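Student: I have a model to go through and I'd like to ask about it bit by bit. Can we look at it together?

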Amino acid sequence: MRAGLLRTRITVMQPISGKDVNGAVTQDWAEFGRLWADVRNKSGLETIKADKVTGIVRVSIRVRYNTKLNNAMRVIVNNVIYNIKAVMHDVNSREYTDLICEAVT
């Protein structure tokens, strides 16, 4: 994959579990890594949830081939947090991994 296509620096976050002082399980996020990416195909739509119109923003993010990425992770792009909805690996040439993401609202 040509490096010139990867113009945006993203941060990938992974969930971590811990316990608070009372012993209750807590969920937090830790940095998995910083990657160069090509953020593409921004789209938006509106939906009705709980009798309220809600906007949904979806993006496709292409990074170098990485089998460690999964849909339990998050991506931060320009201070916007996106949940990874699907991970699609280029299994033939092993050049890239596409992340289909949705903005956290």
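Student: Let's start with Glu 102. Buried or exposed?
Tutor: Glu 102 counts as buried, because its relative accessibility is 16%. Buried means under 20% relative accessible area, exposed means over 50%, and partly exposed is in between, with a 1.4 Å probe and protein chains only.

Student: Before I go on, what sort of model is this?
Tutor: It is a predicted model, where local features need pLDDT of at least 70 and side-chain atom pairs count only at pLDDT 80 or more, while totals for chains, interfaces and linings use all residues. Residues are numbered from 1 along each chain as its sequence is written, and side-chain values use heavy atoms, with hydrogens and water left out.

Student: OK. Which side chain does Glu 102 meet in a salt bridge?
Tutor: That of Arg 58, at 3.0 Å from N to O. A salt bridge is a side-chain nitrogen of Lys or Arg within 4 Å of a carboxyl oxygen of Asp or Glu.

Student: Why does that pair tie together separate parts of the sequence?
Tutor: Arg 58 is in strand S3 and Glu 102 is in strand S6, so the pair ties together parts 44 residues apart in sequence. Strands here are DSSP runs of E with at least two residues, helices are runs of H or I with at least four, and both are numbered from the N terminus. Arg 58 itself is partly exposed, because its relative accessibility is 34%.

Student: How many salt bridges are there?
Tutor: Three. Another one is between Arg 62 and Asp 98, at 2.8 Å from N to O. That pair also links distant parts of the chain, with Arg 62 in strand S3 and Asp 98 in strand S6, 36 residues apart.

Student: Are Arg 62 and Asp 98 buried or exposed?
Tutor: Both are buried. For Asp 98 the reason is a relative accessibility of 10%. Among the residues that Asp 98 touches are Ile 61, Ala 86 and Val 87, leaving out residues up to four places away in sequence; contact means heavy atoms within 4.5 Å.

Student: And the remaining salt bridge?
Tutor: Arg 40 and Asp 38 meet there, at 2.7 Å from N to O. Asp 38 is buried because its relative accessibility is 15%, while Arg 40 is partly exposed because its value is 29%.

Student: Zooming out, how many helices and strands does the protein have?
Tutor: Zero helices and six strands. Of the 105 residues, 29% are buried.

Student: What about S6, how much of it is covered?
Tutor: Strand S6 covers residues 96–103, and six of its eight residues are buried. S6 runs antiparallel to strand S5 (residues 80–89), and seven bridges join the two. Two strands count as paired if DSSP finds at least two bridges between them. One of these links is between Met 88 and Asp 98, which are bridge partners.

Student: What is between the strands in that hairpin?
Tutor: Six residues separate S5 from S6, and Arg 94 takes a positive phi near 55°. Arg 94 is not a glycine.

Student: Why mention that?
Tutor: Most residues other than glycine have a negative phi. Arg 94 is exposed, because its relative accessible area is 57%. Asn 79 is another case, with a positive phi of about 65°. Asn 79 lies in the loop between S4 and S5, and it is exposed because its relative accessible area is 76%.

Student: New topic: which residues of the largest nonpolar core touch the most other members?
Tutor: Ile 10, Ile 61, Val 75, Leu 99 and Cys 101, out of 15 residues in that core. At least two core residues come from each of S1, S3 (52–64), S4 (74–77), S5 and S6. A nonpolar core is a set of buried Ala, Val, Leu, Ile, Met, Phe, Trp, Tyr and Cys residues joined through side-chain atoms within 4.5 Å.

Student: Which residues does Ile 10 touch?
Tutor: Its contacts include Leu 35, Ile 61, Val 63 and Val 75, again leaving out residues up to four places away.

Student: Last one, where is Thr 11?
Tutor: In strand S1, residues 8–19.
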